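User: I would like to learn how to read the inside of a fold. Can we work through one example together?

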Amino acid sequence: LAPQFVSGKLLEVGCGEGRGIDWLLPAINHYTAIDKIEPVIEGLKLKYPQGVFHSGNIPPLSVFADNSFDSIVSFQVIEHIENDKLFLKEIHRVLKPGGLALLTTPNRPLSLSRNPWHVREYTAAELTHLAQQFFSEVTMKGIGGNTKVMEYYERNKKSVDKLMRWDVFNLQYKLPASWLRVPYEFMNRLNRNKLKDASDELVASIRHEDYLLVDDATQALDLFLIVRK
């Protein structure tokens, strides 16, 4: 969905393994990215010599000057950031006047359980209010899905609900996140493998085209925030 919004000189904040780069390159003139995992960044430098890659913790975005980029994207990152206000302030700083940024993040009401790798998750209203503190133009949309995607979501929800019945003391929200990461990864993998085995045809049939941009973010799987400086 992002290429229809971006143009010019683009920065990706938290590029990870670079799964979206091939989608973004045809829509822009120049690609720059930053992520904290240095070996991954070194690999991306070799794979995409036409781009510029930096490794470092974020925020701040101190390697970039003010008003440097026409577009910025950051997919599934802000939920991992302790200082989310500084994160958005820095995106605003390095964005050119009139420039556009896209951010995606899980929509908390549709999350199936606590993710101990996330510092926090947002509702559409919460993220909108946060973004309005820094950007003059804020539009909140969402990432939804067609009937196949939502059927998988409902199956996943039922499966997770069965597992969560064992958490009679609601410990997932009471224990420190660091205590929950190993059991979360184990249970998450167990649940996904179970769903794949039970509905392999459904899982195999879902493509990126099945995920849709929707206007009602409150019912979306992910929030899709569009801001302009």
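User: What covers the buried residues of α3?

Analyst: Keep in mind that this is a predicted model. The cover includes β1 (9-13), β4 (69-75), β5 (95-106) and α4 (124-132).

User: Which residues of α3 are buried?

Analyst: Helix α3 spans residues 84-94, and its buried residues are D84, F87, L88, E90, I91 and V94. They lie on the same side of α3, because they cover an arc of only 160° around the axis.

User: How many residues of β5 are buried?

Analyst: Nine of the twelve. β5 is therefore largely enclosed by the rest of the structure. The chain reaches β5 from β4 through α3, in a right-handed β-α-β crossover.

User: In which sense do β4 and β5 pair, parallel or antiparallel?

Analyst: Parallel, over six bridges.

User: How many bridges join β5 to β8?

Analyst: Seven, and here the strands run antiparallel. β8 covers residues 222-228. L225 of β8 stands opposite L103.

User: Now the core. Which residues of the largest nonpolar core touch the most other members?

Analyst: Start with the general idea. Nonpolar side chains tend to be buried together in soluble globular proteins. In this model, the largest nonpolar core has 30 residues, and L11, L61, I72 and F87 touch the most other members. At least two residues of this core come from each of β1, β4, α3, β5, α4 and β8. Another core, of 19 residues, lies apart from it; C15, A33, F53 and V73 are among them.

User: What is L11 in contact with, leaving aside its neighbours within four places in sequence?

Analyst: The contacts of L11 include L61, F64, F69, I72 and V94. T32, A33, I34, S71 and V73 are also in contact with L11.

User: Next, the backbone. Which residues does the cis peptide bond with omega of about -10° join?

Analyst: I58 and P59. The peptide bond from P59 to P60 is also cis, with omega near 5°. P59 sits in the loop between β3 (52-55) and β4, and P60 is placed in the loop between β3 and β4.

User: Where is N67, and is it buried or partly exposed?

Analyst: N67 is in the loop between β3 and β4. It is partly exposed, at 38% relative accessible area. Its phi is positive, about 55°, although N67 is not a glycine.

User: What is phi of Q76?

Analyst: Near 55°, a positive value in a residue other than glycine. Q76 belongs to the loop between β4 and α3. It counts as partly exposed, at 29% relative accessibility.

Definitions and conventions
Residues are numbered from 1 along each chain as its sequence is written. This is a predicted model: local features need pLDDT of at least 70, side-chain atom pairs count only at pLDDT 80 or more; totals for chains, interfaces and linings use all residues. Side-chain values use heavy atoms; hydrogens and water are left out. Buried means under 20% relative accessible area, exposed over 50%, partly exposed in between (1.4 Å probe, protein chains only). Helices (H or I, at least four residues) and strands (E, at least two) are DSSP runs, numbered from the N terminus. The arc is that of the directions from the helix axis to the C-beta atoms. Contact means heavy atoms within 4.5 Å. Two strands pair if DSSP finds at least two bridges between them. A crossover is right-handed if, with the strands pointing away from the viewer, the path from the first strand over the helix to the second runs clockwise. A nonpolar core is a set of buried Ala, Val, Leu, Ile, Met, Phe, Trp, Tyr and Cys residues joined through side-chain atoms within 4.5 Å.
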